[in-house]
Amino acid sequence: AVDVYEGDLFDALPESLMGTVDVVVSNPPYVSTSRKDILPIDVREHEPERALYGGGDGMLYTTKIAQQARKWLRPGGWLVLEMGEEQQQDMTTLLTGLEYEDVLIGIDLAQWPRLVVARFAG
């Protein structure tokens, strides 16, 4: 069974799920404001800004999700986040500092580091 909740990050989830979630997956806004001009024009002109830009370094939402997911994931649960290719080291540092282990970087079809997967040690 799949239950769908709508809200800002984790706000809509019932408290009964705290510490029980197996996987948190997100494609948050992750483009840094300094990379705004290098996005393809079709992306810049057709995607809402709030779906693209994650603050100065692009990690505003990925950081919030990684921090908040810790109280929702069960020990051994997984966090999966899309990220910008320039954020590989910053994401690894962030996640290991937040007690995530087995941090893996996934490569997209264009051969860019685009995904981070990490297990919450809890």
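A pocket is here an open set of points on a 1 Å grid over the protein atoms alone, where a 1.4 Å probe fits, with protein on both sides within 12 Å along at least five of seven lines. Of the 28 residues lining the largest pocket, G7, L9, F10, V24 and V25 are the closest to its centre. Because the model is predicted, local features need pLDDT of at least 70 and side-chain atom pairs count only at pLDDT 80 or more, while totals for chains, interfaces and linings use all residues. Residues are numbered from 1 along each chain as its sequence is written, and side-chain values use heavy atoms, with hydrogens and water left out.

**Pockets**

- Lining residues have an atom within 4 Å of a grid point, and a volume is the space filled by probe spheres set on points that are joined across faces, edges and corners.
- At least two lining residues of the largest pocket come from each of β1 (21–26), α2 (49–52) and α3 (60–72); helices (H or I, at least four residues) and strands (E, at least two) are DSSP runs numbered from the N terminus.
- Strand β1 provides the largest share of this lining, six residues.
- The lining of the largest pocket comprises 18 nonpolar, four polar and six charged residues, where Ala, Val, Leu, Ile, Met, Phe, Trp, Tyr, Cys and Pro count as nonpolar, Asp, Glu, Lys and Arg as charged, and the others, Gly among them, as polar.
- The second largest pocket has a volume of about 320 Å³.
- Sixteen residues line the second largest pocket, and Y30, V31, L39, V43 and R114 lie nearest its centre.
- Ten nonpolar, two polar and four charged residues make up the lining of the second largest pocket.

**Aromatic pairs**

- There are two aromatic pairs, a pair being rings of Phe, Tyr or Trp (its six-membered ring) with centres within 6.5 Å; planes under 30 degrees apart count as stacked, over 60 as edge-to-face and the rest as tilted.
- F10 and W72 form a stacked pair, because their ring centres are 6.1 Å apart and their planes stand at 5 degrees.
- Since F10 lies in the segment before β1 and W72 in helix α3, this pair ties together parts that are 62 residues apart in sequence.
- Both F10 and W72 are buried; buried means under 20% relative accessible area, exposed over 50%, and partly exposed in between (1.4 Å probe, protein chains only).
- The pair of Y100 and F120 is tilted, because the ring centres are 5.5 Å apart and the planes stand at 55 degrees.
- Y100 belongs to strand β3 (residues 100–107) and F120 to strand β4 (residues 113–120), so the pair ties together parts that are 20 residues apart in sequence.
- Y100 is buried at 2% relative accessibility, and F120 is buried at 7%.

- T62, in helix α3, is buried at 0% relative accessibility.
- The T62 side chain reaches the backbone oxygen of M59 at 3.2 Å.
- Leaving aside neighbours within four places in sequence, T62 is in contact (heavy atoms within 4.5 Å) with P28, L81, E82, M91 and L94.
- E82 lies in strand β2 (residues 73–82) and is partly exposed, with a relative accessible area of 21%.
- The side chains of E82 and Y30 make a polar contact at 3.0 Å; a polar contact is a pair of N or O atoms within 3.5 Å, of which, within protein, one must be able to donate a hydrogen and the other to accept it, and residues adjacent in sequence count only if both atoms are side-chain atoms.
- Leaving aside neighbours within four places in sequence, E82 is in contact with S26, N27, P28, Y30, T62, R114 and L115.
- R114 lies in strand β4 and is buried, with a relative accessible area of 16%.
- The side chain of R114 makes a polar contact with the side chain of E85 at 2.7 Å.
- Leaving aside neighbours within four places in sequence, the contacts of R114 include Y30, L81, E82 and E85.

**Positive phi values**

- L9, in the segment before β1, has a positive phi of about 50 degrees although it is not a glycine.
- L9 is partly exposed at 35% relative accessibility.
- E99, in the loop between α4 (88–97) and β3, has a positive phi of about 75 degrees although it is not a glycine.
- E99 is partly exposed, with a relative accessible area of 46%.
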